[in-house]
Each structure stands twice: as C-alpha cells, then as structure tokens.
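User: I'd like a close look at one part of this protein, the aromatic residues. Here it is.

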Amino acid sequence: MKKQTVLKGFVVAVIVFLGFSLISCNDERYEPIPVKLSDVNGNYRARLITSQGGKNNEKIIDFATKDSIVTFKDFPLREIVKSVVTDPVKADTALAHIGKVEYKLNFKSKINAEQNVVELTFEPKVLAFQIPVDGVMKNTVVKLAAKQKGFFVGYDWSMRFGLEAEKITIDGVDVTPFRPLNMIYRSVLRIKVMVICQIG
C-alpha cells in the first residue's frame with residue numbers, strides 16, 4: 001500500500017514538473033531568424049491554383065529558384081492549351097505530344113526586415129511553344145504578367161506568388177474571346193523546422 005502511495009505521489013510530481021516546464025516555454029518569446037536574400041534559392045513543391053472564367057483547378061508542381069530566376073522544368077500548360085483547343089480529346093492529344101516545356105521567370109528581390117520576408121518583383125517573358133492540332137504545328141505565344149509582388153516568408157521558408165496569362169496568340173493572331181488565366185503558386189515543401197521550446 002505504501003509503495004502505491006509513493007508511486008502515485010511520484011507520478012503527480014512528474015506531471016506537475018512537466019506542466020511548469022510547458023508554461024515556462026510559453027512565456028519565452030519566439031525570436032525569428034532574420035531572412036537573407038540567398039534563402040530564396042532552393043527546390044520547391046507548390047500547390048498551383050488556376051482560375052479562369054469561374055472555373056478553378058488545383059495541382060502540385062515543382063520549380064527551382066537560383067540567382068534571381070525561377071525555373072519550371074515542366075511549366076503547367078493544360079489550361080492554356082484547353083483555352084486554344086476546345087475539343088477535350090484533341091487537347092489531351094496535343095498535351096501528350098507537347099511534353100515538357102521549360103520556362104524561366106526572372107525576379108528582383110528585396111528584404112523586408114520588419115515582416116521578415118523577401119519581396120519578389122517578377123519580370124515575366126512571353127511563353128512560346130507549339131501546339132499540334134490536326135497534324136499542323138501552331139506557334140503559340142502566351143503573354144504572362146505578374147501584377148503583384150511575390151514573397152519568400154522567413155517564418156516557414158515558403159514562397160508565394162502569382163502569374164496571369166493575359167493574352168494568347170496563335171500563328172500571330174490573338175485568341176478571342178479569351179478570359180485571363182490566373183495562376184497562384186504556394187509552396188508546400190521546403191519548410192525549415194525550428195525547435196521553439198525544449199524541456200530539460
């Protein structure tokens with residue numbers, strides 16, 4: 001009986017000690033590590049949300065960032081091609097023949113120390129590729145714009161930015177009517193794990 005009482009007392013003491021340890025951790029303030037321009041460099045996996053004419057789609061894509069350039073080894077073309085080729089079967093066939101299209105997106109970066117972010121100002125070039133339709137290769141030029149700044153967030157090492165396909169030209173002729181295609185990128189990987197509180 002005495003042993004059980006001592007054991008219960010010991011368990012209660014350990015629980016109380018752990019409780020005080022957790023409370024003392026909550027009192028400590030989190031001190032963020034200041035972000036640097038070079039922190040932006042790396043490989044990312046991102047959630048891409050596209051919206052056009054009230055229709056939204058979502059997929060996971062990869063890109064890399066180095067020396068003020070975002071490189072897409074496989075730029076997402078599905079919605080762009082489907083804006084041009086309205087027949088779903090022909091659009092899927094065209095996408096299979098196009099394969100991977102690389103696109104490089106230039107940007108300028110600036111540290112915002114108050115928010116602990118790197119602000120990214122993008123300078124999109126046109127995206128040019130060929131779409132095969134009924135055995136004929138169509139020269140396609142997409143005018144891309146970045147209407148807002150992007151951000152690399154020091155808190156979780158995520159990158160967020162958006163692009164808009166404003167206009168598509170096929171063999172020198174504007175596609176009309178064309179509703180702008182918005183593309184929002186939010187990285188979901190490349191997160192820096194920080195230990196905020198340790199007991200002991």
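What share of the 200 residues in the protein chain is buried, and how do the aromatic pairs around Phe63 look?

Analyst: Quick caveat before we dig in: this is a predicted model, where local features need pLDDT of at least 70, side-chain atom pairs count only at pLDDT 80 or more, and totals for chains, interfaces and linings use all residues. Residues are numbered from 1 along each chain as its sequence is written, and side-chain values use heavy atoms, with hydrogens and water left out.

On your first point, 34% of the 200 residues are buried, meaning under 20% relative accessible area with a 1.4 Å probe, protein chains only. The chain has 3 helices and 11 strands; these are DSSP runs, helices being H or I of at least four residues and strands E of at least two, numbered from the N terminus.

Now the rings. Phe, Tyr and Trp (its six-membered ring) pair if their centres lie within 6.5 Å; planes under 30 degrees apart count as stacked, over 60 as edge-to-face and the rest as tilted. That gives 10 aromatic pairs. Tyr44 and Phe63 have ring centres 5.2 Å apart and planes at 15°, so they're stacked. Tyr44 sits in strand S1 (residues 42-52) and Phe63 in strand S2 (residues 55-66), 19 residues apart. Both Tyr44 and Phe63 are buried.

Phe63 also pairs edge-to-face with Phe161, at 5.6 Å centre to centre and 75° between the planes. Phe161 is in strand S9 (residues 158-170) and Phe63 in strand S2, so this pair ties together parts 98 residues apart in sequence. Phe161, like Phe63, is buried. Zooming out, these residues belong to one aromatic cluster, whose members include Tyr44, Phe63, Phe161, Phe72 and Tyr185.

How values were computed. Buried < 20%, exposed > 50% of the residue type's maximum accessible area, 1.4 Å probe, protein only.
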